[in-house]
Protein chains: 2
Amino acid sequence: MARRSEPPTPQTALHLDPTGVLRAILTRSAVRSYTAEPVPDAMVESMVRAMVSAPSASNQQAWAFVVVRDPVRLHSVRSFAPGVIGEPSLLLVACLDHSRYSDSDGAHVRRQGKLCVAMAVENFLLAAHALGLGACPVSSFLPGPIRLLLNMPDHLELILLVAAGHPATKPNPSTRRDLDEVVRYDGYR
Amino acid sequence: MARRSEPPTPQTALHLDPTGVLRAILTRSAVRSYTAEPVPDAMVESMVRAMVSAPSASNQQAWAFVVVRDPVRLHSVRSFAPGVIGEPSLLLVACLDHSRYSDSDGAHVRRQGKLCVAMAVENFLLAAHALGLGACPVSSFLPGPIRLLLNMPDHLELILLVAAGHPATKPNPSTRRDLDEVVRYDGYR
């Protein structure tokens, strides 16, 4: 791609709408009730593209994702994921890929990789929300049986699941702690 | 707030623009070169509100954040964070707050909390990008000295830093692995 000799600030060039982006972030909340309508391929494509645009420590991209939409597989995976509420038409299995690391990469580096998987999941959730879908991250699941069901290689470590689908009900935003309690400026007194 | 008796699908009601949101997610990349211009208070407010809208496992919100903008503090923190490149006008210190857990909450629950901190950081990065700022998550830092400098209580565990400011250069998006390599459908063959 040709580089421009006098670049404007990149966001001006991109015509991003801060208000719209912030509204999407602020209004996302967990959706745990879905209609039976499947999620169209084009939406899945948008969500996974958003997902892999997340930050990646040292650009290692030590992640792997399985999108489960086949009803039989979905049902099986769900039976080993008590944290999945409702009947999502899609489950995402988000993993750390240890094969992307060398033996010299220690626990610290791998911990960073897990944080990147979480950031990728947040992008997936935001994309789903922007597209009119509802989704919910799930941490209560049995990795062993799910790994077997999906024939997953040993070098993948399951980090999070995400349930997603067309929302059946209006989401109920969770209450949040006061900002003053959670955010400090320039340190603690 | 009054509830509507016949809710439209929530995203319709919200008038979210999926294209705009997805573009913001897809075009965000690490920015490591900043002008000296400070980040206005209103932008900081927007970014921290976006941050605390991230998913929180069991809505525990076991997180705490320090926004460092005072030039002297910033310089001091930066000297213990070799991962910070350039001269950001703002540093975010993102922490897990162990005081939000009880003794019966095990390692698994706290690991989930770290993932939520990472998702909050991703929201912060996306908000910064949408607002025309540049930012970069940083995992190379010395928690001990930074904790002392900011007088942080023992129950906070430093997870990530974020450097942010007005971008001095056009960001250079990192190359990403092929989607086919990273995303599988319904399992591995």
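**Close-up views of a predicted two-chain model**

**View 1. The contact between chain B and chain A.** The contact draws 74 residues from chain B and 74 residues from chain A; the model is a predicted one. On the side of chain B that touches chain A, two or more residues come from each of α1 (10-14), α2 (18-27), α3, β1 (63-68), α5 (107-130), α7 (179-182) and β5 of chain B. Of these elements, α5(B) gives the most, with 13 residues. By class, this side of chain B comprises 44 nonpolar, 16 polar and 14 charged residues.

**View 2. The relation between the two copies.**

**View 3. Helix packing across the two chains.** Helix α2 (residues 18-27) of chain A packs with helix α3 (residues 41-51) of chain B at an angle of about 35 degrees, and their axes are 8 Å apart. From α2(A), the residues that make the contact are A:Leu22, A:Ile25 and A:Leu26, and from α3(B) they are B:Ser46, B:Arg49 and B:Ala50. Divided by class, the contact of α2(A) with α3(B) holds four nonpolar residues, one polar residue and one charged residue.

View 4. Five strands form an open sheet of mixed pairing, in the order β3(A)-β4(A)-β2(A)-β1(A)-β5(B). The edges are held by β3 (134-138) of chain A and β5 (183-185) of chain B; each has a single partner strand, so one side of each is left without a neighbour in the sheet. From one strand to the next, the twist averages 20 degrees.

**View 5. The pairings of strand β1(A).** Strands of a sheet pair through backbone hydrogen bonds, in either the parallel or the antiparallel sense. Within chain A, β1 (residues 63-68) and β2 (residues 90-97) pair in the antiparallel sense over six bridges. A:Ala64 stands opposite A:Cys95 of β2(A). Across the two chains, β1(A) and β5(B) run parallel and are joined by three bridges. Here A:Val67 has B:Tyr185 of β5(B) as its bridge partner.

**View 6. The largest nonpolar core and the surroundings of A:Val93.** The largest nonpolar core has 126 residues, of which A:Phe65, A:Val93, A:Val162, B:Phe65, B:Val93 and B:Val162 touch the most other members. Apart from its neighbours within four places in sequence, A:Val93 is in contact with A:Phe65, A:Val66 and A:Val68, with A:Ile146 and A:Leu150, and with A:Leu158 and A:Leu161.

**View 7. The fold of chain A.** Chain A contains seven helices and five strands, which follow the pattern α-α-α-β-α-β-α-β-α-β-α-β along the sequence. The C-alpha trace of chain A spans about 55 × 50 × 50 Å along its principal axes. Of the 189 residues in chain A, 47% are buried. Among contacts in chain A between residues at least 6 apart in sequence, 84% join residues at least 24 apart.

Notes
Residues numbered from 1 in each chain as written. Chains lettered and ligands numbered in written order. Predicted model: local features only at pLDDT ≥ 70, side-chain atom pairs only at ≥ 80, totals over all residues. Helix = DSSP H or I, 4+ residues; strand = E, 2+ residues; numbered from the N terminus. Buried ≥ 20, exposed ≤ 12 C-beta atoms within 10 Å, placed from the backbone. Contact = placed C-beta atoms within 7 Å. Core = buried A, V, L, I, M, F, W, Y, C linked by C-beta atoms within 7 Å. Axes fitted to C-alpha atoms, helices over the stretch in contact; angles between N-to-C directions. Nonpolar A, V, L, I, M, F, W, Y, C, P; charged D, E, K, R; others polar. Pairing = 2+ DSSP bridges.
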